Amino acid sequence: MRSQRKASTIVDVAAYAGVSVPTVSRVLTGAAKVSDAKRDAVRAAIAALDFRPSSAARVLASRKAEVIAVIAGDTSTYGYAETIRGIEESARAENYTVMITVVESTEDDEIDRAIAATLAQPLAGVCVLKFDPPGVAALHRIPPSLPLVALSGVREAGLRQAVLDESHAAEELTDHLLDLGHATVHHVRIPPSRREDGRTTGWRRALKRRGAAVPPLADATWDPRSGIEIGRRLAEDPAVTAIFCGNDEIAMGVIRGIVTAGRSVPDDISVAGFDDHPLAALWTPPLTTVDQDFAGLGRRGLQLLLNEIAGETGRRFSSERPQLIVRDSTAPPPPTAEVRRIN
């Protein structure tokens with residue numbers, strides 16, 4: 001039987017040409033400018049390896065730029081899903097199609113894969129959800145020739161960006177718990193996109209401003225069940241009377257852990273979340289939280305991107321402050337806690 005040589009891939013072409021996978025994609029699709037030297041190297045590699053782009057890719061390359069790409073580290077959690085919904089609804093109203101690329105890690109190969117998949121489309125522009133390290137990593141690998149907007153995170157110089165002012169909202173939530181009479185507030189942190197995100201920064205800033213002790217952080221994962229053991233552990237310390245969780249799902253897990261340990265919310269320990277998840281008001285007890293308009297964030301970000309696509313030089317930054325929502329999961333500390341605090 002005649003042996004068949006394995007077909008070359010875009011990764012093979014990139015390695016042969018000594019360029020990145022996104023550069024090969026840009027040469028194939030014409031989605032962005034590439035230097036003459038790199039273009040020649042890619043074309044020479046394509047010829048040497050007998051690389052044959054798929055017919056689908058050739059069709060994409062010839063189409064009008066009508067796709068808005070969304071790059072995100074996740075699509076299943078509440079904040080991500082709502083932000084994408086806001087982008088998609090606004091894009092559809094402007095006759096754009098939205099494609100979503102999930103970046104699962106900060107590894108170079110994973111980022112290259114995501115960027116290559118994105119650049120293979122007839123792109124009008126890119127929205128990057130800057131909620132986590134993979135999103136941050138992907139943001140800085142987008143070709144500068146493409147219209148680009150970042151959604152949330154620390155403000156990026158020279159880049160259009162829509163944000164939710166999480167740090168001031170977290171500070172207000174921490175103040176609420178201190179105003180109830182709690183000596184300090186413990187914080188259960190969700191995975192940050194950098195060393196410290198706005199929710200943690202606001203919590204820390206409020207405690208220091210009020211002269212309260214700053215307890216050690218408790219780190220949760222994105223899995224709400226990770227809050228159960230944290231809640232159980234914190235409930236074992238009688239000095240713990242208030243807990244601020246990085247999101248509502250983790251807060252739900254923490255409450256379960258507290259109850260499992262034989263203590264109650266809010267009679268023994270107050271618990272607050274963040275984001276105002278649709279289940280927050282239905283939980284027992286209903287969660288004190290912060291209402292973040294994620295869909296609005298998506299709409300604001302898409303409008304900034306459309307401005308960039310249109311070549312407008314106006315507004316480049318949009319910020320909105322989330323709203324504190326006080327419900328039944330927070331209350332003054334028990335009298336015994338007051339005695340311990342005073343003594």
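Q: Which residue forms a salt bridge with R199?
A: This is a predicted model, where local features need pLDDT of at least 70, side-chain atom pairs count only at pLDDT 80 or more, and totals for chains, interfaces and linings use all residues. Residues are numbered from 1 along each chain as its sequence is written, and side-chain values use heavy atoms, with hydrogens and water left out. A salt bridge is a side-chain nitrogen of Lys or Arg within 4 Å of a carboxyl oxygen of Asp or Glu. The closest N and O atoms here are 2.9 Å apart, and the partner of R199 is E166.

Q: How many residues apart in sequence are the parts that R199 and E166 tie together?
A: Helices are DSSP runs of H or I with at least four residues, and strands are runs of E with at least two, numbered from the N terminus. R199 lies in helix α9 (residues 198-209). E166 lies in helix α8 (residues 166-179), so the pair ties together parts whose separation in sequence is 33 residues.

Q: Is R199 buried or exposed?
A: Buried means under 20% relative accessible area, exposed means over 50%, and partly exposed is in between (1.4 Å probe, protein chains only). The relative accessible area of R199 is 9%, so R199 is buried.

Q: Which residue in helix α8 pairs with R209 of helix α9?
A: R209 forms a salt bridge with D175, with the closest N and O atoms 2.6 Å apart. R209 lies in helix α9 and D175 in helix α8, so parts 34 residues apart in sequence are tied together. Shared partners also join E171, D179, R205 and R210 into one network with this pair. The helix α8 partner of R209 is D175.

Q: In which helix do E110 and R113 both lie?
A: These two form a salt bridge, with their closest N and O atoms 2.7 Å apart. E110 is buried at 15% relative accessibility, while R113 is partly exposed at 41%. They sit three residues apart, about one turn of the helix, and that helix is α6.

Q: How many salt bridges does a search of the whole structure find?
A: Side chains of opposite charge can pair when their charged atoms come close. The pairs include R199 with E166 and R209 with D175. The search of the whole structure gives a count of 24.

Q: What separates the C-alpha atoms of H186 and A242?
A: H186 is in strand β6 (residues 186-189). H186 touches A242, among others (contact: heavy atoms within 4.5 Å). The two are 56 residues apart along the chain, yet their C-alpha atoms are separated by 6.2 Å.

Key
Lists of a residue's contacts leave out its neighbours within four places in sequence.
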